[in-house]
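This report looks at a few local features of one structure and at the nonpolar core. The sequence and the structure come first.

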Amino acid sequence: MKTKFINETDNITSELLEGYVAAYRDKVKLGAENIVVRAQPKCDSKVAIVTLGGSGHEPALSGFVGEGMLDCSVVGDIFAAPGAQRLFQALQMFKRDAGILLVVLNHSGDIMSANMATQLAERAGIKVKKLITHDDISAGLDAPDDDRRGLAGCIPLYKIVGAAAEEGKSLDEIYEIGERFNRQVATLAVAMRSCTHPQNGAVISSLAEGEIEIGMGQHGEGGGGRQMLVSADDTASQMVALLMKKLSLTSGDKVALYINGVGATTHMELNIVFRKTAQILQDAGIEIMDSRIGEMLTVQEQAGFQMILAKVDADHIGYLKNSMSDAPYWTVIGKK
Amino acid sequence: MENLTIQDFKKMLSAALEQVKQREDEFSKLDAVIGDGDHGTAIVQALTSVVEAAEKGSEFKTMLNDIGFNVMLQTSGSTSTLIGALFLGMSDAAQGDSLTVSQVKEMFKGGLANVQKQTKAQVGDKTMMDALVPAVQAMEACDTEDVRQLFGCAAQAALKGAADTVNMKANFGRARNYGERSIGYTDSGASSWACMFESFANVL
């Protein structure tokens with residue numbers, strides 16, 4: 001049964017990208033097939049920020065290409081990593097003395113393409129450094145980085161490294177600033193109701209009516225415990241408690257908090273979840289320095305959200321709040 | 001046979017592709033036990049682009065580098081990453097159009113070192129490393145001036161390494177989730193890599 005407004009399933013990725021760059025043509029364009037770049041490129045004395053990932057998660061990841069954030073997003077097919085060939089092509093396009101920071105979400109396909117493309121890039125004289133994100137905590141609070149997936153925590157990271165690059169920081173400096181944030185960001189996802197793969201119609205995961213799963217991955221793959229649906233307040237409390245524990249937050253700490261709807265959960269619900277989460281943080285004496293509610297990285301029509309909590313320092317706060325960004329899905333006016 | 005020439009090496013690669021093609025189904029079936037069942041296809045695709053890139057080669061360093069690039073740019077997946085890494089590493093450690101026994105040893109040592117940068121899998125984890133690592137170590141230990149004998153040592157060690165994976169529990173990648181259920185089957189990657197080394201030895 002057809003449940004989506006699509007045309008030929010083979011054309012989904014190219015058609016969605018064509019629509020996106022047409023809508024925001026003063027900000028983004030297609031640099032090549034499945035490679036989204038800024039409409040006005042940054043001067044090449046500055047480090048370029050490149051990322052990669054499958055489509056089907058809109059507005060991620062191409063929604064964050066723009067002045068102050070990403071220079072380039074390399075897009076794979078639905079839920080699939082782009083091949084090393086396309087990524088290598090993008091790295092060649094952004095070759096510069098200042099270097100390229102390649103932000104890779106920890107998913108095996110993305111990691112593999114990134115490993116291959118960077119090996120080839122180094123041999124082709126392209127300066128590139130990989131930063132791997134692994135903000136998901138559903139594998140356990142003590143799980144090694146390799147076992148932790150990259151979820152929507154990459155998005156504030158793009159903002160931070162993007163702003164640092166715009167400021168003219170060196171590749172090593174940007175990597176250090178980004179890695180410092182990377183170690184201090186934790187994400188937890190909750191899902192209720194599954195979604196279908198837009199190309200083959202397969203149902204991804206099977207949650208019974210009224211059941212939720214905390215720790216669900218980006219493609220609906222299970223990770224944590226299942227339980228019956230509880231109230232927004234109870235869900236938010238459970239989730240923020242785990243994130244606070246992971247980050248060892250104490251009174252006086254400063255954080256950034258983002259609630260990312262994954263597709264079928266309304267902004268009404270996201271607001272209610274944010275309310276309780278913020279209350280708990282404030283009661284614990286923790287100050288929220290930057291926050292946002294919205295659909296940033298979605299999983300088709302899956303219901304649920306990702307809660308992204310990061311302990312931030314002065315550098316991160318400055319890059320998140322005071323530096324401008326005109327990326328279509330993360331606009332910040334900033335301060336002069 | 002004192003030297004390994006470019007022509008010998010191309011013959012070895014073509015022989016490996018032929019053998020792997022003949023056993024493609026076997027490798028895929030082994031992979032289906034604890035993986036997604038596409039290893040036969042993956043290794044044939046990878047070796048096809050290896051052989052294709054090798055055809056134009058006239059010097060080891062450049063040819064091995066071109067092979068590495070071709071594998072990685074034409075195909076995707078973990079098999080291609082590792083085969084590509086092997087050839088790029090070999091390229092770093094080889095030059096000229098004819099290699100002595102000790103130069104061949106160096107070349108494979110360089111290849112293994114680069115593969116080890118790409119995977120954390122160790123001997124005993126039930127992966128292709130169970131064939132590759134013993135093969136390169138056996139070459140290193142092989143006291144001979146004869147290239148044919150050198151690859152004989154490597155093939156023997158790789159075949160034994162692959163056979164040993166039957167009793168191993170998968171300890172790496174997706175297969176790890178199968179735990180005890182992975183025991184009793186040879187690892188598909190170890191088998192295909194052993195098959196390559198066996199073909200190298202047999203064609204010389």
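## A strand residue in chain B

In this predicted model, Ser98(B) belongs to strand β2 of chain B, which covers residues 98–99. Ser98(B) counts as partly exposed because it has 14 C-beta neighbours inside 10 Å, whereas a buried residue would need 20 or more.

Apart from neighbours within four places in sequence, Ser98(B) is in contact with Asn3(B), Leu4(B) and Thr5(B). Glu59(B) lies 39 residues from Ser98(B) along the chain, and the C-alpha atoms of the two are separated by 8.3 Å.

## A helix pair in chain A

Helix α4 (residues 154–166) and helix α8 (residues 314–322), both of chain A, pack with their axes 9 Å apart and at an angle of about 90°. Since angles of 65 to 115 degrees count as roughly perpendicular, α4(A) and α8(A) are therefore placed in that class.

On the α4(A) side the contact involves Pro156(A), Lys159(A), Ile160(A), Ala163(A) and Ala164(A), which meet His316(A), Tyr319(A) and Leu320(A) of α8(A). By residue class, this contact of α4(A) with α8(A) comprises 6 nonpolar, 1 polar and 1 charged.

## The nonpolar core

The largest nonpolar core has 177 residues, and those with the most contacts inside it are Cys72(A), Val161(A), Ala154(B), Ala158(B) and Phe197(B). Helix α8 of chain B (residues 147–164) gives the most to this core, contributing 10 residues, while domain 1 (9–182) and domain 2 (185–313) of chain A each supply at least three residues.

For Ala154(B), when residues up to four places away in sequence are not counted, the residues touched are Ala135(B), Ala138(B), Met139(B), Phe197(B) and Ala201(B).

Definitions and conventions: Residues numbered from 1 in each chain as written. Chains lettered and ligands numbered in written order. Predicted model: local features only at pLDDT ≥ 70, side-chain atom pairs only at ≥ 80, totals over all residues. Helix = DSSP H or I, 4+ residues; strand = E, 2+ residues; numbered from the N terminus. Buried ≥ 20, exposed ≤ 12 C-beta atoms within 10 Å, placed from the backbone. Contact = placed C-beta atoms within 7 Å. Axes fitted to C-alpha atoms, helices over the stretch in contact; angles between N-to-C directions. Parallel < 35°, antiparallel > 145°, perpendicular 65-115°, else oblique. Nonpolar A, V, L, I, M, F, W, Y, C, P; charged D, E, K, R; others polar. Core = buried A, V, L, I, M, F, W, Y, C linked by C-beta atoms within 7 Å. Domains from an automatic or database assignment.
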